[in-house]
Amino acid sequence: MSEENVNGAAAQAEEAATGPAFTVEKIYVKDVSFEVPGAPAVFAEAAQPQLQLNLSQNVQRVGENAFEVVLGITLTCAANDKPMYLAEVKQAGVFGLIGFDGPTLDAMLGTHCPNVLYPYARQLISDLIQAGGFPPFFLQPINFDALYAEGLRQRASQADGGLADAETAGNA
């Protein structure tokens with residue numbers, strides 16, 4: 001009887017080991033750009049700066065269970081309709097995702113992976129802006145779950161319910 005319990009425990013452990021798994025394989029900067037087109041005159045601007053933030057996300061399968069996720073952030077600062085600076089960062093990572101069904105895999109790529117990458121991109125943008133001679137700037141937290149849900153609604157309305165047949169997109 002004790003042999004059955006040991007074998008049963010081993011079978012349960014083996015089953016748990018083959019369940020879904022998420023790993024961060026690599027995090028890196030794929031592309032970065034910082035421009036101050038009006039320097040040095042831009043530093044004398046007394047107007048209130050206007051900021052525009054654009055997010056993008058791209059997912060690419062790079063192996064059987066590996067995906068590259070690229071989080072793109074473009075921050076444009078202008079005053080009096082003149083650009084003060086432009087910061088562009090593409091923060092990337094390779095993630096291992098094993099054992100997830102299609103909708104869960106899509107959600108992991110669209111929410112969890114960007115949540116891992118965002119702090120790196122946020123710090124890099126802050127460092128670029130400060131190194132460019134401007135006061136420190138800190139991007140606020142982003143709710144990638146809400147962005148993903150909105151993206152799902154848009155994809156569903158465009159595909160008229162064809163989401164079940166769609167390729168894993170993972171785009172926020």
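How many salt bridges does the count come to? The count comes to four salt bridges, where a salt bridge is a side-chain nitrogen of Lys or Arg within 4 Å of a carboxyl oxygen of Asp or Glu.

## Basis of the description

This is a predicted model, in which local features need pLDDT of at least 70 and side-chain atom pairs count only at pLDDT 80 or more, while totals for chains, interfaces and linings use all residues. Residues are numbered from 1 along each chain as its sequence is written, and side-chain values use heavy atoms, with hydrogens and water left out.

One of the salt bridges joins Lys-30 to Glu-68, with the closest N and O atoms 2.9 Å apart. This pair links parts of the chain 38 residues apart, since Lys-30 belongs to strand β1 (residues 21–35) and Glu-68 to strand β3 (residues 66–79); helices (H or I, at least four residues) and strands (E, at least two) are DSSP runs, numbered from the N terminus. Lys-30 is partly exposed at a relative accessible area of 46%, whereas Glu-68 is buried at 7%; buried means under 20% relative accessible area, exposed over 50%, and partly exposed in between, with a 1.4 Å probe and protein chains only.

Arg-155 and Asp-106 also meet through their side chains in a salt bridge, at 2.8 Å from N to O. Because Arg-155 lies in helix α3 (residues 144–159) and Asp-106 in helix α2 (residues 102–131), this pair ties together parts that are 49 residues apart in sequence. Asp-106 is buried, with 6% relative accessibility.

## Helix α3

Within helix α3, Glu-150 and Arg-153 are three residues apart and therefore separated by about one helical turn, and their side chains form a salt bridge of 3.0 Å, N to O. Glu-150 is partly exposed at 34% relative accessible area, while Arg-153 counts as exposed at 51%.

Leu-147 also lies in helix α3 and is partly exposed, with a relative accessible area of 34%. Together with Leu-53 and Leu-55, Leu-147 forms a nonpolar surface patch of about 210 Å² accessible area. Patches are made of residues with over 30% relative accessible area and no salt bridge, like charges being joined within 9 Å and nonpolar side chains (Val, Leu, Ile, Met, Phe, Trp, Tyr) within 5 Å; accessible areas come from the Shrake-Rupley method with a 1.4 Å probe, and for residues only the protein chains shown count as cover.

## The β2–β3 hairpin

Strand β2 (residues 50–61) runs antiparallel to β3 and is joined to β3 by twelve bridges, two strands being paired if DSSP finds at least two bridges between them. The two strands, β2 and β3, form a hairpin with four residues between them, and Asn-54 stands opposite Thr-74 in β3.
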